[in-house]
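Let us learn to read a protein model, one feature at a time.

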Amino acid sequence: MAWRGWAQRGWGCGQTWAPLGGSRGCEELFEAQGPPRFLRRRFNFFIQQKCGFRKAPRKVEPRRSDTGTSGEAYKRSALIPPVEETVFYPSPYPIRTLVKPLFFTVGFTGCAFGSAAIWQYESLKSRVQSYFDGIKADWLDSIRPQKEGDFRKEINKWWNNLSDGQRTVTGIIAANVFVFCLWRVPSLQRTMIRYFTSNPASKVLCSPMLLSTFSHFSLFHMAANMYVLWSFSSSIVNILGQEQFMAMYLSAGVISNFVSYVCKVATGRYGPSLGASGAIMTVLAAVCTKIPEGRLAIIFLPMFTFTAGNALKAIIAMDTAGMVLGWKFFDHAAHLGGALFGIWYITYGHELIWKNREPLVKIWHEMRTNSPKKGGGSK
């Protein structure tokens, strides 16, 4: 009955052992009751766990983004949404949080350039047909009565006057404007913070690395980024082509966010990031590396000009200092990662990746050739 009394009083979690009579300890009680010999070793371990102190399991405490002491107010950049009430859960093993983003970065980059190679193949294949379709359209326009003040005609005229690079980035700018409007919907705030801001302490790690590239909370932030992208679009598309530029731009957004993840995990400064600055830094660095003697100017100070090479050096120096000193207004790690990727790709990546796309294109060509045509049956 003494063993049962101990079990009833000490079975609950957190309760201590209390003897039913006298002040004997656990070992004395065990010897007095004399349980069977074959159960001694098993119940001895159980009694030691109940009589001793049990170490509480480690609990991961939720933390807010970039918070300091408990009495310190949260200081955020004006370019990111208000996330004071958003709770993040950093992993107790931070290095493990980078495994999935690393595989996502490598896989997405490979898929982006592979898709771009197939896209270019299909574009070249349909170019002859488009040429004849264009001749037919011009002939129909010549015999069709023209409408004065046709709005569609004015839009087509404006579109045809754009360069190839400007036409390419028009879709990117439209996507950024659409996401910017979504930020103004109050009911979508939680969804936007979760999927359109990148943060290694968030539960969703991979998809925000791409979606945050099209996300801007500040109108000034979006306008500045889109202006720079529009200004460099013609040069970068003339250098790389439309398909290769799109692959590099999307890959740059993911790679720059991964570099930001690594910096945040290494320093412990968790916080949300968003914007196309990392991808645009890749475009700017690629153009400045390819044309280092080109002349650039600041939008508000057009009278001061400088070479593209010097501008790139100044930007890299500023972002490096901001990353080391912990400046929080910009995500300097993402800027630096994007710039380094642009320099590497225009110097080595083009020869290493794009020039070796021929095997993939051959496989795609064989698949298209061997596939049955639509509407045709096998004999």
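The dialogue below goes from the overall build to salt bridges and a surface patch.

Q: What should I know before I start?
A: This is a predicted model: local features need pLDDT of at least 70, side-chain atom pairs count only at pLDDT 80 or more, and totals for chains, interfaces and linings use all residues. Residues are numbered from 1 along each chain as its sequence is written, and side-chain values use heavy atoms, leaving out hydrogens and water.

Q: How many helices and strands does the protein have?
A: Helices (H or I, at least four residues) and strands (E, at least two) are DSSP runs, numbered from the N terminus. Here there are 14 helices and 4 strands.

Q: Which residues does UniProt annotate as "transmembrane region"?
A: The unreviewed entry lists residues 102-121, 165-183, 204-224, 244-262, 298-317 and 329-347. Residues 102-121 are 100% helix and 0% strand, with end C-alpha atoms 29 Å apart. Residues 329-347 are 84% helix and 0% strand, and their end C-alpha atoms lie 30 Å apart.

Q: How many salt bridges are there?
A: A salt bridge is a side-chain nitrogen of Lys or Arg within 4 Å of a carboxyl oxygen of Asp or Glu. The whole structure has 4. One of them joins Glu-122 to Arg-368, with the closest N and O atoms 2.4 Å apart. Glu-122 is in helix H4 (residues 99-143) and Arg-368 is in helix H14 (residues 358-370), so this pair ties together parts 246 residues apart in sequence. Another pairs Lys-362 with Glu-358 at 3.5 Å, N to O. Both lie in helix H14, 4 residues apart, about one turn of the helix.

Q: Which residues make the nonpolar surface patch?
A: Patches are made of residues with over 30% relative accessible area and no salt bridge; like charges are joined within 9 Å, nonpolar side chains (Val, Leu, Ile, Met, Phe, Trp, Tyr) within 5 Å. Areas come from the Shrake-Rupley method with a 1.4 Å probe; for residues, only the protein chains shown count as cover. This patch covers about 910 Å², and its members include Phe-220, Tyr-227 and Met-303. Strand E4 (301-307) gives the largest share, 3 residues.

Q: Is Met-303 buried or exposed?
A: Buried means under 20% relative accessible area, exposed over 50%, partly exposed in between (1.4 Å probe, protein chains only). Met-303 sits in strand E4. At 57%, Met-303 is exposed.

Notes
UniProt positions are given in the numbering used here, feature names are shortened, and annotations may be inferred rather than shown by experiment.
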